[in-house]
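Here is a short report on one protein chain. Look over the sequence and the model, then read on.

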Amino acid sequence: MMESETDNAEASKAGTGNILEESDQKTKEKEEEFSEGAHVEVTNIDGDGSNQAWFAATVVKPVGNNRYLVRFETLRTEDDTGFLEKEMDSLHIRPPPPHIPVPDQFKMFDHVEVLYKGGWWKGVIAEVLPDDSKYLVFLANYDRLECKHSDLRPRQGSIDEN
């Protein structure tokens with residue numbers, strides 16, 4: 001028994017192997033991921049399918065436990081008195097995608113994000129319409145949408161992993 005107690009004392013002095021300590025450290029690092037005033041995109045705001053879209057927002061303040069108070073830049077409150085603010089966890093927040101040039105024209109089956117209902121929705125070009133500046137896009141929520149070239153951006157895998 002003495003040997004076991006000695007082993008435990010040495011392990012606790014070393015500070016290694018303690019899962020709770022390591023988890024707390026990772027939590028602290030994650031909490032610092034987004035700072036006050038940071039421009040971000042947020043998803044999964046409600047259970048109504050909005051998890052298929054990313055909405056521009058600003059971090060108002062970190063509130064702890066990997067959560068942030070964010071203010072949406074395109075979604076308004078129900079009474080239309082201001083922009084919607086909501087507490088979100090870091091799993092549903094990402095930095096805005098890097099700016100990359102938009103091609104002069106998208107092609108069928110290109111994976112895109114479509115500006116729709118105030119957010120960027122995942123979609124696939126189903127048809128290039130004769131106008132050349134309009135497209136028929138199938139959204140990830142199964143909606144079909146005719147949209148202008150200016151309402152599209154290339155979808156980037158590295159930002160879609162959240």
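## Overall build

Residues 24 or more positions apart supply 45% of the chain's contacts with a separation of 6 or more. The model is a predicted one. The chain holds two helices and 10 strands. Their order along the sequence is α-α-β-β-β-β-β-β-β-β-β-β.

Of the 162 residues in the chain, 31% are buried. The chain exposes about 10400 Å². Carbon and sulfur atoms supply 51% of that area.

## Aromatic pairs

The chain has four aromatic pairs. One of them joins Phe106 and Tyr135, with ring centres 5.9 Å apart. Their planes stand at 80 degrees, so this pair is edge-to-face; the cut-off for that label is over 60 degrees. The two residues come from distant parts of the chain, 29 residues apart. Phe106 sits in the loop between β5 (93-94) and β6 (111-116). Tyr135 belongs to strand β8 (residues 134-139).

Another pair is formed by Tyr116 and Trp121. Here the ring centres are 5.7 Å apart and the planes meet at 70 degrees, so this pair is edge-to-face too. Trp121 counts as buried, at 5% relative accessibility.

## Arginines over rings

Which ring does Arg153 sit over? The charged end of Arg153 lies over the ring of Trp120, 4.1 Å from its centre. Arg153 is part of strand β10 (residues 152-154). Its relative accessibility is 13%, so Arg153 counts as buried, the limit being under 20%.

Arg76 is placed over the face of Phe83. The distance to that ring centre is 4.7 Å. Arg76 counts as partly exposed, at 39% relative accessibility.

## Salt bridges

Side chains of opposite charge can pair when their charged atoms come close. The chain has eight salt bridges. One of them joins Glu87 and Arg67, at 2.8 Å from N to O. Glu87 lies in strand β4 (residues 83-89) and Arg67 in strand β3 (residues 67-76). The two are 20 residues apart, so the bridge links distant parts of the chain. Both ends are partly exposed: Glu87 has a relative accessible area of 39%, and Arg67 is at 29%.

Arg76 also takes part in a salt bridge, with Asp80 as the partner. Their closest N and O atoms are 2.6 Å apart. Asp80 is partly exposed, with a relative accessible area of 48%.

## A linked charge network

Which residues are linked in a network of salt bridges? They are Glu41, Arg94, Glu113 and Arg153. Within this group, the side chains of Arg94 and Glu113 meet at 3.4 Å, N to O. Arg94 lies in strand β5 and Glu113 in strand β6, so their bridge ties together parts that are 19 residues apart in sequence. Arg94 and Glu113 are both buried.

Leaving out residues up to four places away in sequence, Arg153 touches Glu41, Arg94, Pro97, Phe106, Val112, Glu113 and Trp120. That list includes Phe106, whose ring is paired with that of Tyr135.

## Two residues with positive phi

Most residues other than glycine have a negative phi. Asn65 has a positive phi of about 55 degrees, although Asn65 is not a glycine. Asn66 has a positive phi as well, of about 60 degrees, and is not a glycine either.

Where is Asn65 found? Asn65 lies in the loop between β2 (53-64) and β3. Asn66 is in the loop between β2 and β3 too. Asn65 counts as exposed, with a relative accessibility of 65%.

Key: Residues numbered from 1 in each chain as written. Heavy atoms only, no water. Phe/Tyr/Trp six-rings, centres within 6.5 Å; stacked < 30°, edge-to-face > 60°. Helix = DSSP H or I, 4+ residues; strand = E, 2+ residues; numbered from the N terminus. Buried < 20%, exposed > 50% of the residue type's maximum accessible area, 1.4 Å probe, protein only. Lys NZ or Arg CZ within 6 Å of the ring centre and 35° of its normal. Contact = heavy atoms within 4.5 Å. Areas by Shrake-Rupley, 256 points an atom, 1.4 Å probe, with all protein chains shown as cover. Salt bridge = Lys/Arg side-chain N within 4 Å of Asp/Glu carboxyl O.
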